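Please have the structure open as you read.

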Amino acid sequence: MSSIYLKDSIYWYQKYVFNPISQKKDKRLYRSLKTKSFEKAKSRQTKLDIQYDKQYEKELLFPSRPLSVCKTQYLEDKKLELEQNKRSASTYRSDEITLSQFFKYINENHGDLDIRKINKAHILDFRVYRESQKKVKSVSTIALNLRVTRSFFSYCIEKEYIEEH
């Protein structure tokens, strides 16, 4: 439920949304509607209600998850596959090393990002970073890094940590 109110001859919009920290609907959003007309303010209120409702719904469907938590869950699942002989030890080790490198790169440059905030640009930057490292001598090593990273993000989509783009 939102409301509009008049302050200094300008209409303002106000809405309370879900706060993940308190687990209550106590986070107050407010913005200027930049109009003196009540009709325009009502119209803009409706548009903002739709915008914030979509955003709130998305937050419920895809809650915030740090990259580190997703990486840990991914590796735990892959370790189970290893124990069930569905994955080789060398494949698991490769996944572990590559994701550690990816996580280290992201963490050093952006901090422990929410998995939903990582985009194609981050992955391409990781590729450039790996290409610039003197230890990496083979194009196939970088290709392996990208395959493992792609597999990780496919897992995140499958587990509904992120939505598919």
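1. A word on terms to begin with: contact means heavy atoms within 4.5 Å. Among the contacts of the protein chain with a separation of 6 or more, 51% are between residues 24 or more positions apart.

2. Please keep in mind that this is a predicted model, in which local features need pLDDT of at least 70 and side-chain atom pairs count only at pLDDT 80 or more, while totals for chains, interfaces and linings use all residues. Residues are numbered from 1 along each chain as its sequence is written, and side-chain values use heavy atoms, with hydrogens and water left out.

3. On the fold: the protein chain has 3 strands and 5 helices, where helices (H or I, at least four residues) and strands (E, at least two) are DSSP runs numbered from the N terminus. Read from the N terminus, the order of elements is β-β-β-α-α-α-α-α.

4. On overall dimensions: the radius of gyration of the protein chain is 22 Å, whereas a compact globule of 165 residues would come near 15 Å. The radius is taken over C-alpha atoms, and the globule rule is 2.2 Å times the number of residues to the power 0.38. The C-alpha trace spans about 65 × 35 × 25 Å along its principal axes.

5. Of the 165 residues, 32% are buried, that is, under 20% relative accessible area, with exposed over 50% and partly exposed in between (1.4 Å probe, protein chains only).

6. On charge: there are 34 positive and 22 negative charges, and their mean positions lie 5 Å apart. Lys and Arg count as positive, Asp and Glu as negative, and His and the chain ends are not counted; each charge is placed at NZ of Lys, CZ of Arg, CG of Asp or CD of Glu.

7. Ser-94 counts as buried because its relative accessibility is 17%. Beyond its neighbours within four places in sequence, Ser-94 is in contact with Leu-144 and Val-148.

8. Finally, how many disulfides does the structure hold? There are 0 disulfides, a disulfide being a pair of cysteine sulfur atoms within 2.5 Å. For Cys-70, the nearest cysteine sulfur is that of Cys-156, 4.7 Å away. Cys-70 has 0% relative accessibility and so counts as buried. Cys-156 is likewise in no disulfide, and with 0% relative accessibility Cys-156 counts as buried.
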